[in-house]
Amino acid sequence: MNQKQNTTSVSIPTTLLKQFSGKALVNTLKEFIGTTAKERKSLSVGEKNFKVENAAYRQLVDTKSQDRQKVSIRLFPTERQALKLLTNQKVLHNAITVALCAMMTLKDSRQNHSISQQPKPIYPATSYMGCKKWFTKMCLGIMDYIKNNFPYCKGYAEPFMGGGILVENVAVQNYFKNIVANYYDTNNLDYFQTIRTYMVFFKSLVLGLDYASSPAGEKNVAKSTAIITTSLESMHPCKASKILDVLEFFLGQNKIITKSYKKQLSDLKNDPDVNPNISVRISIILECITNWKEKNAREYENKTGKKPKPQDISKYPTQAHGLHKKVDCLAEEAAALQQIRISNKDALAFLRKYAGNPEYVLICDPPYFDSLEYEETFSYNEHIELAKLLEKHAKTGGLFIYFGRITAPRSNDTNASICYSERDKVYKGKYGRLFRGKGFFYKDFLYKKSTGIIERVVTNLELPDYSPY
């Protein structure tokens, strides 16, 4: 470990140092790295008109003699690079000046925004099978209704956290005093903990990899890679290794790392005769990201008939698939995770702790039984036990929402001529036996029109458009 590589001397205008000194200086710069593209665009950060639009920067430029002072700041090389990338400045002290001036304006606009508007939903940086993105706004509406009509509900418990989209948005809105969630997979748990603790570093790491695999970064890929490697090598080896594990998980969840690269990285880590140092792992990851971008470029050209510009490669097939866009809202996700107590237990064991306590709203989105989409299993008998716990919870005055899929699993072979109507009747009947005749309510949602998959939401709340079960 070489901590000296994380300390550098920069020249900063004295007037800015009066407002940002000591820890406040570094913390503000890290806060800037966490800003979203929309926030930076609203302030013209990285654009030519920034010096005109930003009052603090304009005042500095208009001052003929800018008094500057040299100070030492401690930032990882990847974080220093992120500042330059996000401000579109080649020199670090210029990037810092722009970032500080931008944050002065942004903090004022954030305060005004928080007074006038409710926060918009946030979407996690990782994709997850069965993600409830389609239900997020509806969920927030229901939680708002509960907050206003059931004042005894002080807590929120989610035994199947998944990608975290529902619990993170509930946490952001501050509906409940106590928010607890459970996740069975230690890989996802490590990801949540890393984002919560090392958000700025992780975002900078992804931005660095995105740049290194871009045309500009590829011109000097050795330097781009060295910045990333040096940052990780300055950490304790165990911490650096865990962050790399989380990075691989993040890229895998977003379908950037292919199965062959996953196997290559796994074999490397499991080979007792090989020491998979940081530079080797980074080179494999970087090769994988580059191949992913080239694949996107070919798909773009095949679909449009045009050769893509660099910015088009990361936008195709949708803007949400851009690598840098995946971590754009990472600060919001990290802030939400700070408010959630996450455990790693058997889901039913976790649920037994809260079922029967009416202060907790229970949100249950278990793996669908017999599903072809999940690696983990949650049998029909376990669904029966879960339903009994929810019934017990309802009898004590507790509230719950349960998600199920009343259509049979679909084959991945889209050309298979399979009649699903009879199979669907069986699955619909199975879900009916879980909840029918117990005073609950349900609503069906067409999840995927092409396959006819239907999601059923069951609750003991009498909500508009929900039918008695």
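## Reading a helix and a cavity

Author: Keep in mind that this model is predicted. Let's begin with helix α14.

Reader: What covers the buried residues of α14?

Author: The cover includes α13 (237-253) and α15 (278-304).

Reader: And which residues of α14 are buried?

Author: Start with the general idea: an α-helix has 3.6 residues a turn, so residues three or four places apart point the same way. In this structure, the buried residues of α14 are Tyr261, Leu265 and Leu268. They sit on the same side of α14 because they cover an arc of only 60 degrees around the axis.

Reader: Which exposed residues are on the face turned away from that buried side?

Author: Look there for Lys259, Ser260, Lys263 and Asn270. As for its length, α14 runs over residues 259-270 and reaches 16 Å from its first C-alpha to its last, close to the 16 Å expected.

Reader: Okay, now cavities. How many of 30 Å³ or more does a search of the whole structure find?

Author: The general idea is that rolling a probe the size of a water molecule over the atoms shows where empty space is left. Here the search finds one cavity of 30 Å³ or more.

Reader: Which residues line the largest cavity?

Author: Its lining is made of Tyr402, Gly404, Ile406, Tyr431, Phe435, Arg456, Val458 and Tyr469. The elements giving two or more residues to it are β7 (400-405), α21 and β9 (453-459). By class, the lining has six nonpolar, one polar and one charged residues.

Key: Residues numbered from 1 in each chain as written. Predicted model: local features only at pLDDT ≥ 70, side-chain atom pairs only at ≥ 80, totals over all residues. Heavy atoms only, no water. Helix = DSSP H or I, 4+ residues; strand = E, 2+ residues; numbered from the N terminus. Expected span 1.5 Å × (residues − 1). Buried < 20%, exposed > 50% of the residue type's maximum accessible area, 1.4 Å probe, protein only. Arc of directions from axis to C-beta. Contact = heavy atoms within 4.5 Å. 1 Å grid on protein atoms, 1.4 Å probe; cavity = no way out; pocket = protein on both sides within 12 Å on 5 of 7 lines; lining within 4 Å. Points joined across faces, edges and corners; volume = space filled by probe spheres on them. Nonpolar A, V, L, I, M, F, W, Y, C, P; charged D, E, K, R; others polar.
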